[in-house]
Amino acid sequence: MATRTITITILTTATTMLDDFLVRAGLAAIGLSLATGPLGSFVVWRRMAYFGDATAHAAVLGVALALATDLPIGLGTLTVALAMAVTVAGLSARGWAMDTTLGVLAHSALAFGLVAVSFFPSVRTDLSSYLFGDILAVSRGDLALIWLGALAVLALLAWRWQALLTATVSEDLAHAAGIRPDRERLVLVIALALVVAVALKIVGALLIAAMLIIPAAAARSLSRTPEAMAAIAIAIGGLSGLGGLGLSLWQDTPTGPSIIVVAAGLFALSSLRRQV
Amino acid sequence: MSLIAADHICIRFGAEEVLHDISLKVDPGEIVTILGPNGSGKSTLLRALLGIVPAAEGRITRQPGLKIGYVPQKLMIDRTMPITVRRFLSLPARVTDAAADEALSRTGMAGQGAEQMTTLSGGQLQRVLLARALLGQPQILMLDEPTSGLDQPGEAAFYRLIEEVRRETGAAVLMISHDLHVVMAASDRVICLNGHICCEGTPRVVSTAPEYRALFGLGTQGALALYRHEHDHAHEDGHPHHHHHDPHHGHDHA
């Protein structure tokens, strides 16, 4: 009897806690970092930073598409981000001058998205929430999607981990071991599109790439193995999320940028350690 | 049955044909060395056999499920990736600590498992790459200039190790080299390559072949490194051989 009462109490407490927007925001930030930690590590190792930018910026175009077709925003951003990521991956496989191509694609996607979104007056007013995120407005439904998406990315990366790592260390060694590097690249591309869709609400299109790169870069000097770096990046990402939330509440600053500011601070601290 | 065989393959990079009409095979337990000057397409041939570079013409057949231990000439691990020697040995197949220790001590890297890959010297890196290749219990080792980072005693020890591995495991070895003397002693068969197969056979036969001497400038200048491919060397009959004298064809006239 007693245990049952306790269980019910815990469950009720848990559900009431979810009523608090701050708890939801905190959980959203932690959920996101579960995906951005390991994926961001790959983005850093494979020098895909600009690639992340292009995919993330395409999300704004996805918002416009979703509004035009009455689809859920998440689905719209996922579709467009995936299309962009696959395009970029295809171009890079054909050996295009990636720096320029990605620059063109990343910024055009953003510009087209902003122009397209301006046709919807309802969005015009809260455009900044798509650009910079609106973590304090995360609903229970959003939270469920964020965790589902993040866990899906984590599971995908864990499943392909050894092959992904081998292909990242050396495509030739991967080939010789019967691994197809192009297939592993596709895994990362899909994961990236999922993360973009998940992260749009939290840090916004402009700062998704920062959320991928900064925690991973900060984790670099603290780790000796790829697994350690991914795990530490998760911790730093989560810490930045909670810290940014605090900063945002305390100083009434936009949350997305606040999260990145904290992440950048942690990065600076970690580079101090490397000097020692 | 051969472990791996190339049947009249041609490799092109754009319009440039880097390898022309190559046929070769490696049988179990053989040590085969590919010799050739810089830019002769040695690495490309190895990479084609591995399936990294596609062949424009011809066919490459591998024994089904063939286990290859590949040691590339270079390995550039991005400095942003923290990875110890021990962790690297477990890519892509995880190995036990005991197996990893044994492989490292065999290649002269005992006790260095905790080192970061990015801090290794060229010679150390090659030893680690070989240790990793051995851990996969390969039926064939494919080595791309495996001794380029080693000093002379290291090189001699390296070839002894290869010979030992072949004796113990029966693994075939296909390696690339530009070093004539050591290779000659260590190989069962030598293939001279310069965009096409110039000559092949046992080290004794090859070292007296006019094609080989022409390829390495032996007897003309006496300098091994000097490459004077005169285009007038005779090829055996029954080995149709085309020299395309177009500007893209890869013969450099030194």
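I count a residue as buried if 20 or more other C-beta atoms lie within 10 Å of its own. The model I am reading is predicted.

**Entry: helix α4 of chain B**

I looked up α4(B) under that cut-off and found 11 of its 14 residues buried, so the helix is largely enclosed by the rest of the structure. The buried set begins with L125(B), Q126(B), R127(B) and V128(B), and continues with L129(B), L130(B), A131(B), R132(B), A133(B), L134(B) and L135(B).

I then asked which elements the buried residues of α4(B) pack against. In chain B they are the strands β5 (68–71) and β6 (140–144), together with the helices α2 (85–89), α3 (97–106) and α5 (152–169).

I also checked the length of α4(B), residues 122–135. At 1.5 Å a residue the helix should span 20 Å, and I find its end C-alpha atoms 20 Å apart, so the two agree. Just after the helix, I noted that Q137(B) has a positive phi of about 45°.

**Entry: helices α2 and α8 of chain A**

I moved to chain A and looked up α2(A), residues 21–45, beside α8(A). Their axes come within 9 Å and cross at roughly 20°. Angles under 35 degrees count as roughly parallel, and α2(A) and α8(A) are therefore roughly parallel to each other. The crossing of α2(A) past α8(A) is left-handed. By class, I get 18 nonpolar, 2 polar and 2 charged residues in this contact. On the α2(A) side I listed residues including L27(A), L34(A), F42(A) and W45(A); the α8(A) side includes L143(A), W147(A), L154(A) and T168(A).

**Entry: helices α8 and α10 of chain A**

I next took α8(A), residues 140–169, with α10(A), residues 181–199. How far apart are their axes, and at what angle do the helices pack? I read 9 Å and about 160°. That angle makes α8(A) roughly antiparallel to α10(A). Here too I noted a left-handed crossing, of α8(A) past α10(A). The contact divides into 16 nonpolar, 1 polar and 2 charged residues.

**Entry: where the chains touch**

Last, I looked up the contact between the two chains. I find 21 residues from chain A and 18 residues from chain B in it. On the chain B side, 12 are nonpolar, 3 polar and 3 charged.

Definitions and conventions:
Residues are numbered from 1 along each chain as its sequence is written. Chains are lettered from A and ligands numbered from 1 in the order in which they are written. This is a predicted model: local features need pLDDT of at least 70, side-chain atom pairs count only at pLDDT 80 or more; totals for chains, interfaces and linings use all residues. Helices (H or I, at least four residues) and strands (E, at least two) are DSSP runs, numbered from the N terminus. The expected span of a helix is 1.5 Å times one less than its number of residues. A residue is buried if 20 or more other C-beta atoms lie within 10 Å of its own, exposed if 12 or fewer, and partly exposed in between; C-beta atoms are placed from the backbone. Two residues are in contact if their C-beta atoms, placed from the backbone, lie within 7 Å. Axes are lines fitted to C-alpha atoms, for helices over the stretch in contact, and angles run from 0 to 180 degrees between N-to-C directions. Angles under 35 degrees count as roughly parallel, over 145 as roughly antiparallel, 65 to 115 as roughly perpendicular and the rest as oblique. A crossing is left-handed if the near helix is turned anticlockwise from the far one by less than a right angle, and right-handed if clockwise. Ala, Val, Leu, Ile, Met, Phe, Trp, Tyr, Cys and Pro count as nonpolar, Asp, Glu, Lys and Arg as charged, and the others, Gly among them, as polar.
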